[in-house]
Amino acid sequence: MNSAESSQTRSRLTRWACRSLAVTTGFSVLAFALLAGAAWLIPPEVVQNWAFDPSSTDAFAQFEAVGIAEAAQWLAQWAAPVLALVSYLIWRHHARLSLGIEGAVRRFWRVTANPPSLPDSLRFRLVPIVKRVAIGSALALAIGHWGSAFQQRLKDWPYYRFNDGDQVLPNISDANREVIRYLQASTPENARIFVVSDQKLFFLSYYLRPRSLFHRMHPTAEHLIPRANQARQLAAYRLSELPPDVWECRPDFVLEYFEGPEYIDPARATEDRAWLQFARQRTGDSTRVPEYVVVLRRWPITGGSP
Amino acid sequence: MTGLVAAVIAVVGSTLGGRSLLALFDRVCGTREIQRPSAEIWGASILLGAGFTSALAFVWSDIGQPLTAQFSWGQVGLSGVLGMLVIVNARRQLSRAHDEDSRPALAPLARACQVVLGFVIAAAFLQTFLTPQKFWDERAIFAIKAKVLYEAGTIDAPELLHPDFVQYHPRYPLMLPLLERHVYALAGRANDRWAKVWFPLMYAGLVLSYAGVLARRTSPDWGWLMATVLGLVPVLLPDEYGFLSAQADAPMACFQGVAVLYFWDALHEHRGAIQRRSLLLASSLAAGACFVKDEGLAYLLVNFLAWASALLLGGGRLGFEALDEKLPRRLGHQLAAMTTFGLFAAILLIPWMRHRATLPTTTEMHYLERMEAGRLLERLSTLQWSLPHLVRRMFVEWRIWGLPWWLLLLAALTAPRRSWAGPQRFLLLILLGALAAFVVAGMLAPAELEEHLGGSSHRYLMQLVPVAVLFVAAVWSPAVSVPPVAEPPKRTA
């Protein structure tokens, strides 16, 4: 390409970039200003009502839809004015910016070109094309991922908001959540609790701090990952099977907590009256018998629940 | 809100501490007058600061002193004052050396990449704060230790030393728990959402370090472009298991990636003091990787073996410093560099390794103890599953994890000779060594193969992404990889 052609192309490219930028940002200013106005003027209840689908029976979907609507409105209230301002600034300086964009594109072309020392063969002529397509594809893929991430954050909002992990107890089973709440209600903060269980207890240990949880893991369960809905039964010690050295941790309480079918004895589901009462109160079902065994006792055994 | 303020104070203090540590490196190595891109200075400061903040707390507790809020505030105060002094001094030096207006304007491509990365880093912080910690490893391994450290105020908390205390991997390193504890101590309460501030910060450290070092070694345009390509690899961000979570894999990618970056930088350097500085930085960051996660120890070994193999395969020639030297002198030079790297990392790691030996081994995989020829031969058949699985993860699932492995393959195919030249050979061998270590881990682990490797391969490959992108940047670099003749015309901060 000679220099005259190059400068002609440059001016055409600049003019095109300049015009596109002016039109796009002009529309953006208008669109974001309208969006911001609407987000501030329309009451949140109205927006949430729009999101609410009365024909749906899925309570989770309803909860999610209303929460997403709330998050989207909140985002529009704060982000839309900023984006309108940014669009306006770009619109105002679009001529200079389009020169910058053109310069960036040209630089990209230059840094992905072959050095002059390389021979002019078909193989070497293909290399810059490969580089540009590869780098361009990587950047394009990222745009897609960022779009999905943005959607995901909106979906997350109804569940997490700005609540502490201790409040939400995220990403754990309902049973784990219930047992954590029961132990929080039934034991002092500094309690030392020895747990006999066929479950992995990491989340209980984490959310029950500053209580200390101890557990003797069965050797065959040590490197197994649990599966949802007890699809994998992990081997566990029963209380009577524990080696004597486990009591060196000097627990204040002992908890028996079994969820797997091999370890559940239906007769024991109602053994801990305090647990039964707690579980019934939590669900509002006065006849409920929990599907898993939870028995909490003071240690050494003093007879009866804490 | 207190948590957010504490998080901001913690990272500002830590970064300023890192800045003063970087100045100390320059003073010790006698490279204070060398000007470097601001991106490199701040990228390295962020990572050194995070490493130093946790290491200081570790040593403080190791000598029997309590980890209290006062200690954390003192750490922030001291780091802040020292960092500010260094910045003021650097600015004074800069204004003496340059007229403000005489600095060259940054090229438009580099500027555009800076805008993109600025937006991405800000979005990373924002997204990170939108969720509390919610994944398995981040809570079961690291956050539980952070809470115990915060509550007990010592690394020798009886719980952490007890084999039956419920935590996953009791021997995993303490950098992340100590950093999270630092935020809790400043805030006065444990809230795991704000403790995640370190992860987007490390992301910023990673991309800035890459932009700075590559800009210095090649050109600002290429450096920033490749840093943008790295920063936008989806598995690092915005995938939920990357820098948005408090898992250790992304920090591992960061420390190992920047350690290799400085290693690679040292291989291009013929000036002794500057090479030493890069090696010491690489060594500190590699030691940092060992303090993030146990894989760091494997990477340290892989780095060494890759270095030795690259040297051997190159007939005793690896870096450009060796061009005019005779073989014995060249080897001596390389040996001295290897010793500097290894010895410094070993010295930094002694306190942690000593403490690690006292920790329980419940749920640990015991890879080294299980390393027997018989077992490896017996489990050779696992390769039939693990190798195709890795290939699928790297090349077939590109829509989910990104294109770094395709870029690497294309770079190697389009420039095979350059791919095998000196420093690039070293990078390639690191990647091959790390992949080999992963499949060997699958052969040794006392866990179900498909569950163990299948559930962790995307995170492990994430740890290697920065090195893969560095390889691409080096092979496709528009500049010929020789030591720069003149100092780069960039400002220091």
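1. A word on terms before the tour: helices (H or I, at least four residues) and strands (E, at least two) are DSSP runs, numbered from the N terminus. On that basis chain A comes to nine helices and four strands. Please keep in mind that this is a predicted model.

2. The order of elements in chain A is worth a look. Starting at the N terminus, the elements run α-α-α-α-α-α-α-β-α-β-β-α-β. The radius of gyration of chain A is 31 Å, well over the 19 Å that the globule rule gives for 306 residues, so chain A is more spread out than a compact globule. Along the principal axes, its C-alpha trace spans about 95 × 60 × 35 Å.

3. Of the 306 residues in chain A, 25% are buried. If you take contacts in chain A between residues at least 6 apart in sequence, 67% of them join residues at least 24 apart.

4. Now to chain B, which has 21 helices and zero strands. Its radius of gyration is 22 Å, which agrees with the value near 23 Å that a compact globule of 493 residues would have. The C-alpha atoms of chain B fill a box of roughly 60 × 55 × 45 Å along the principal axes. Buried residues account for 55% of the 493 residues in chain B. For contacts in chain B with a separation of 6 or more, residues 24 or more positions apart make up 83%.

5. How do the chains meet? In this model, 49 residues of chain B are in contact with 46 residues of chain A. On the side of chain B that touches chain A, the elements giving two or more residues are α4 (108–129), α5 (136–152), α9 (220–231) and α17 of chain B. Of these, α5(B) gives the most, with six residues. Sorted by class, that side of chain B has 27 nonpolar, 11 polar and 11 charged residues.

6. The axes of helix α5 (residues 122–160) of chain A and helix α17 (residues 404–414) of chain B come within 11 Å and cross at roughly 175°. Angles over 145 degrees count as roughly antiparallel, and α5(A) and α17(B) are therefore roughly antiparallel to each other. On the α5(A) side, the residues that meet α17(B) are A:Val127, A:Val130, A:Ala134 and A:Ala138, while α17(B) brings B:Trp406, B:Leu407, B:Leu410 and B:Thr414. By class, this contact of α5(A) with α17(B) has seven nonpolar, one polar and no charged residues.

7. Leaving aside neighbours within four places in sequence, A:Asp252 is in contact with A:Ala191, A:Arg192, A:Ile193, A:Arg298 and A:Trp299. A:Phe194 lies 58 residues from A:Asp252 in sequence, and their C-alpha atoms are 7.9 Å apart in space.

Definitions and conventions
Residues are numbered from 1 along each chain as its sequence is written. Chains are lettered from A and ligands numbered from 1 in the order in which they are written. This is a predicted model: local features need pLDDT of at least 70, side-chain atom pairs count only at pLDDT 80 or more; totals for chains, interfaces and linings use all residues. Axes are lines fitted to C-alpha atoms, for helices over the stretch in contact, and angles run from 0 to 180 degrees between N-to-C directions. Angles under 35 degrees count as roughly parallel, over 145 as roughly antiparallel, 65 to 115 as roughly perpendicular and the rest as oblique. Two residues are in contact if their C-beta atoms, placed from the backbone, lie within 7 Å. Ala, Val, Leu, Ile, Met, Phe, Trp, Tyr, Cys and Pro count as nonpolar, Asp, Glu, Lys and Arg as charged, and the others, Gly among them, as polar. The radius of gyration is taken over C-alpha atoms; the globule rule is 2.2 Å times the number of residues to the power 0.38. A residue is buried if 20 or more other C-beta atoms lie within 10 Å of its own, exposed if 12 or fewer, and partly exposed in between; C-beta atoms are placed from the backbone.
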